[in-house]
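Visitor: Could you walk me through this one? I would like to take it slowly, one topic at a time.
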Amino acid sequence: MKAITLAEYGGPEQMAWADVEDPTPGPGEVVLDVAASAVNRADLLQVQGNYPVPPGASPILGLECSGRIAALGDGVQGWTVGDEACALLAGGGYAQKVAVPAVQLLPVPDGVSLVDAGGLPEVACTVWSNVFMEGRLADGETFLVQGGSSGIGTHAIQVAKAFGARVAVTAHPDRHGFCRDLGADIVIDYHDDVAEALKKATDGHGADVILDNMGAKGLANNLSALARDGRLMIIGMQGGVKAELNIGALLAKRGHISAMGLRGRPVTGPNSKAEIVEQVREQVWPLFGAGKVRPVVFERFSMADAADAHRRLAEGGVTGKLLLLNPNA
């Protein structure tokens, strides 16, 4: 089969569409003939050498995909060869085939094409595990997502709105209307003082839950934006890894700060990928069939041109997901 390989760490110029060995399913695994994968910020970091591959995971890029089951490993139940599915991966999505634990498979949601489903598992599992499982976002609460027009943001807006939250986002002014069309109630220019703008829009309340991809750069302002008993969920480091934290301000708000990854979680057991995938299937997937959530795809590339897709994401201005299509699927 062919897959995207890295000659060495660096930039997209190190990526090549090359021959590699076909995967075989281990116990509890399936092999998917990949129809599509998607580009995530973590993939760009991995190419740069800043996102180490977890032990035992495929070194091939790609944290999600969709496709058809080509082979079953021992002990797999509930799936058959030929079934269409999408999958949360620890790696390996930028390839024509990938082996994945069966507990990380999801059916293609009602009303979604097999190709578009390739961009759903990573965002859906990230949003659900952070915003709902850990962040406990409830009906009527205010939710702020930093970067509302991103792949994560476009999904988070829709799911939070479907569960009854008042949704606030940050975005470039050119994308404010786009975010409102997805369901955002409050849209803030990310160049502004976000905390002040949010408090003004919420009569001083702030956000009960914040989903943040910036990390260090946004820490102080996010803390200011939190409501009392608010929960700040950090999922990215685009704004750096080190910042000063005002413990007094956090105590005064009875605030909660959490930083959780997805890729390095165990496959099964407490706080595992299997646990998250099961809840996403039960809680989020019906929203697609009900017309409350939809995939947001900005552009599609041939998987062989994944380097161009990486350059496009790095340029900025992408609204939603970039998909990579298997040229031979």
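**Salt bridges and other features**

Guide: Let us begin with a pair of side chains, those of E141 and R231, which meet in a salt bridge with N and O 2.9 Å apart; a salt bridge here is a side-chain nitrogen of Lys or Arg within 4 Å of a carboxyl oxygen of Asp or Glu. The pair links distant parts of the chain, with E141 in the loop between α2 and β8 (142–145) and R231 in strand β12 (residues 226–234), 90 residues apart. This is a predicted model, in which local features need pLDDT of at least 70 and side-chain atom pairs count only at pLDDT 80 or more, while totals for chains, interfaces and linings use all residues. Residues are numbered from 1 along each chain as its sequence is written, and side-chain values use heavy atoms, with hydrogens and water left out.

Visitor: Are E141 and R231 buried or exposed?

Guide: Both E141 and R231 are buried, where buried means under 20% relative accessible area, exposed means over 50%, and partly exposed is in between (1.4 Å probe, protein chains only).

Visitor: How many salt bridges are there by this rule?

Guide: The count comes to 11 salt bridges. Among them is the one between E64 and K321, whose closest N and O atoms are 2.5 Å apart. E64 sits in strand β4 (residues 64–72) and K321 in strand β15 (residues 321–325), so this pair too links distant parts of the chain, 257 residues apart; helices (H or I, at least four residues) and strands (E, at least two) are DSSP runs, numbered from the N terminus.

Visitor: Why do E64 and K321 count as buried?

Guide: E64 counts as buried because its relative accessibility is 0%, and K321 counts as buried because its relative accessibility is 7%.

Visitor: What about K161 and D185?

Guide: The side chains of K161 and D185 meet in a salt bridge of 2.5 Å, N to O. K161 lies in helix α3 (residues 151–162) and D185 in the loop between α4 (176–182) and β10 (186–189), so the pair ties together parts that are 24 residues apart in sequence. K161 is partly exposed, with a relative accessible area of 35%, and D185 counts as partly exposed at 32%.

Visitor: Stepping back, how many helices and strands does the chain have?

Guide: The chain has 10 helices and 15 strands. Of its 329 residues, 53% count as buried, and its C-alpha atoms fill a box of roughly 55 × 40 × 35 Å, taken along the principal axes.

Visitor: Which residues of helix α1 are buried?

Guide: In helix α1 (residues 41–48), the buried residues are A42, D43, L44, Q46 and V47. They pack against β1 (2–6), β2 (15–19), β3 (29–39) and α10 (306–315), with contact meaning heavy atoms within 4.5 Å. After α1 comes G49, whose phi is positive, near 90°.

Visitor: And V127, where is that?

Guide: V127 is in helix α2 (residues 121–134), and V127 is buried, with a relative accessible area of 2%. Leaving out residues up to four places away in sequence, V127 touches F132, I152, H155, A156 and L211. The C-alpha atoms of V127 and L211 are separated by 8.3 Å, although the two are 84 residues apart along the chain.

Visitor: Changing topic, how many cavities are there of 30 Å³ or more?

Guide: The count comes to 1 cavity of 30 Å³ or more. On a 1 Å grid over the protein atoms alone, a cavity is a set of points where a 1.4 Å probe fits but cannot get out, a pocket is an open set with protein on both sides within 12 Å along at least five of seven lines, and lining residues have an atom within 4 Å of a point. The largest cavity has a volume of about 80 Å³, a volume being the space filled by probe spheres set on the points, which are joined across faces, edges and corners.

Visitor: What lines the largest cavity?

Guide: It is lined by 14 residues, of which G119, L120, P295, V296 and K321 lie nearest its centre. Helix α3 gives the most to this lining, with 4 residues.
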